[in-house]
Amino acid sequence: MEVTVAFTNLNYVLVRSSPPFLAKKRRRNFAARPPILLLNEPLVTTQLPQRHSKSYFSRQSAILEVRRSSHLVFTLQRLGDSLKVQDLNTLLWNFGKENRWRDLSQLFSWMREHNKINASSYSRYFKILGIRLNPIKALEIYHSITDESMKANVFVCNSLLSCLIKNGKFDSSIKLFYEMKRLGLTPDSITYSILLAGCIKAKQGYSKGLDLVQELNYEGLRLDSVMYGTLLAICASNHQCEEAHKYFNQMKDEGHLPNTFHFSSLLNAYSSSGNYEKAEELLQEMKASGLVPNKIILTTLLKVYVRGGLFEKSKELLLELEALRYAEDEMPYCILMDGLAKTGHINEARSVFDEMKGKCVKSDGYAYSIMISAFCRLGLLQEAKELVKEFEAKYDKYDVVILNTMLCTYCRAGEMESVMKMMRKMDELAINPDYNTFHILIKYFCKEKLYLLAFQTMEDMHGKGHQPAEELCYSLIFHLGKIKAYREAYSVYNLLRYGKRTMCKGVHERILHILIAGRLLKDAYIVVKDNADCISQPMIKKFASAFVKFGNMNMINDVLKVVHGSRSKIDQGLFEMAVVRYTSQPEKKELLLQLLQWMPGQGYVVNSSTRNLILKNSHLFGRHLIAEILSKQHKMSKAFTSHQMKG
């Protein structure tokens with residue numbers, strides 16, 4: 001189990017940077033500032049008159065009445081016309097802060113219906129939907145906007161992209177970004193800050209981040225301090241230590257003063273390789289610039305020491321963290337325990353764990369998860385089970401990580417009843433299984449030879465949007481074939497086939513064996529047709545023979561053409577088998593005639609025994625036409641023989 005420390009807050013990258021001496025003041029201001037300012041919305045500043053007009057007081061009274069109303073729609077019908085768009089936007093934001101989701105939705109719908117809406121309205125609403133974890137609704141609303149200029153408004157676009165990225169929809173946000181550009185969006189630096197922030201946790205985030213930087217430069221924009229901080233975080237999450245160092249120096253060369261976030265991101269990049277020497281140099285540089293290492297910086301340094309195998313230094317730093325009251329939660333202990341356990345120092349890891357418990361350090365159970373996993377890896381299942389029981393007695397809350405750890409323990413111990421108990425607990429607590437949950441269960445069910453249960457679990461896994469591991473699929477296909485679960489094996493093959501990963505070529509031949517054994521010849525035909533170059537010639541001939549004998553008669557000619565197209569010579573035995581099938585059902589005479597007419601063009605002629613069989617049944621297919629076709633074949637055969645003799 002990998003221990004990670006979160007260093008990046010998406011909100012951070014949406015705020016412009018300040019000089020270090022204003023950092024504390026800015027943080028205080030940021031905490032009190034209405035969140036909508038984070039998205040750089042258009043602000044209209046007006047100097048208020050000394051005395052407010054009657055209409056102003058009337059509007060304020062209407063706003064208050066709408067806000068307090070228990071029948072919002074009726075109140076809006078009565079008072080809505082007296083309110084301005086900015087008044088309604090204020091109400092939107094208030095409903096969002098008060099979690100009045102029904103009122104929020106009704107108000108926004110009323111604003112759209114009565115055309116009392118502007119860019120700030122959409123921007124605020126998308127921001128609230130992002131907080132509420134409802135990106136799908138935000139997308140639906142955006143796509144329903146009919147005003148093209150509104151759909152390309154930079155503030156509207158930035159809010160929607162931020163909503164998507166905060167909810168883990170990075171790929172969707174990138175796709176939508178280019179759609180917005182086609183509609184006329186002119187992205188600003190905030191747009192690129194938002195998208196770059198999404199690269200931190202995205203697959204291939206480093207290369208995607210570089211693409212965005214290149215595009216940003218092309219648009220005539222420049223990297224600012226916030227973007228540099230995000231780039232450093234991208235490099236750290238993608239183990240690009242040298243690149244992170246390069247961007248850090250480039251940022252300083254361009255006159256940007258690094259702040260704590262920049263230092264912690266670069267330090268995190270060093271932690272991936274355990275480069276403690278550079279980490280210590282960076283810490284000295286930070287202190288020289290007047291910045292005081294905070295909890296995140298020192299915890300990251302601890303991570304560097306652990307990754308570098310410097311456990312004595314790690315223990316000294318942990319004592320320093322305790323003295324500074326930076327070790328009041330379990331994370332520093334977990335980092336050290338995890339490093340010790342993964343390098344085989346299980347007794348030292350256990351000692352740190354016991355010390356943490358003795359000091360009553362605040363824990364969410366993550367430390368238990370680390371130690372249980374460590375015991376399982378070393379085969380110390382009894383110790384793992386004891387910790388699981390201790391955790392269950394001590395904690396009444398669970399998450400998917402700890403449940404996966406406990407599930408893995410019981411699976412390794414082969415305790416089916418406890419496995420089922422853990423699965424029921426996940427259902428009771430409405431905790432959605434993740435990729436690891438399914439992977440653990442499928443491996444366990446295969447180990448217990450419960451292959452159909454493993455198959456059902458894999459189908460559930462795919463239904464939840466997870467792509468099963470290839471090796472696990474190959475193993476399950478093999479075992480399902482062994483127990484004659486042919487259709488289930490083919491379903492697993494299709495999960496791989498339609499997945500995003502490259503399949504091993506050998507799996508096509510393996511599934512073909514299974515499909516032929518199960519007489520699923522139509523499915524076998526599709527496998528051969530799409531993957532003939534990955535299947536051996538003997539296997540293709542075996543498939544063709546099985547299909548001509550037992551397959552759908554209407555597809556025999558197609559099968560023979562596919563075999564020929566695979567550069568496999570069709571032998572006379574196959575032609576004779578096909579003719580036997582056709583002569584058994586005279587109503588298929590057109591298929592026989594098509595086959596006989598196709599053969600000469602591909603260099604095939606029937607042999608004497610097949611010819612005699614056809615002539616014997618020629619009255620069923622038309623004697624004159626059969627004689628004419630066979631005559632052409634005979635002439636071609638003589639010409640071919642003559643050519644061979646001359647050669």
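## Threonine 230

T230 counts as buried because its relative accessibility is 1%, where buried means under 20% relative accessible area, exposed over 50% and partly exposed in between (1.4 Å probe, protein chains only). T230 lies in helix α14, which covers residues 225–237. Helices are DSSP runs of H or I with at least four residues, strands are runs of E with at least two, and both are numbered from the N terminus. T230 and S193 are 37 residues apart in sequence, and their C-alpha atoms are 7.7 Å apart in space.

## Basis of the model

This is a predicted model, in which local features need pLDDT of at least 70 and side-chain atom pairs count only at pLDDT 80 or more, while totals for chains, interfaces and linings use all residues. Residues are numbered from 1 along each chain as its sequence is written, and side-chain values use heavy atoms, with hydrogens and water left out.

## Helix α17

Helix α17 spans residues 276–288, 13 residues in total. From its first C-alpha to its last it reaches 18 Å, close to the expected 18 Å at 1.5 Å a residue; the expected span is 1.5 Å times one less than the number of residues.

Which residues of α17 are buried? They are A279, L282, L283 and M286. These residues are on the same side of α17 because they cover an arc of only 105° around the axis, the arc being that of the directions from the helix axis to the C-beta atoms. An α-helix has 3.6 residues a turn, so residues three or four places apart point the same way. The buried residues of α17 pack against α15 (241–253), α16 (260–273) and α18 (295–307), with contact meaning heavy atoms within 4.5 Å. On the face turned away from the buried side are the exposed residues E281 and A288. After α17 comes G290, which has a positive phi, near 95°.

## Cysteines

How many disulfides does the model have? The count is zero, a disulfide being a pair of cysteine sulfur atoms within 2.5 Å. For C473, the closest cysteine sulfur is in C446, 9.9 Å away, so it is too far for a bond. C473 is buried at 0% relative accessibility, and C157 is also buried, with a relative accessible area of 0%.

Over residues 188–223 the chain is 69% helix and 0% strand, with its end C-alpha atoms 11 Å apart. Residues 364–394 are 84% helix and 0% strand, and the end C-alpha atoms there are 11 Å apart.
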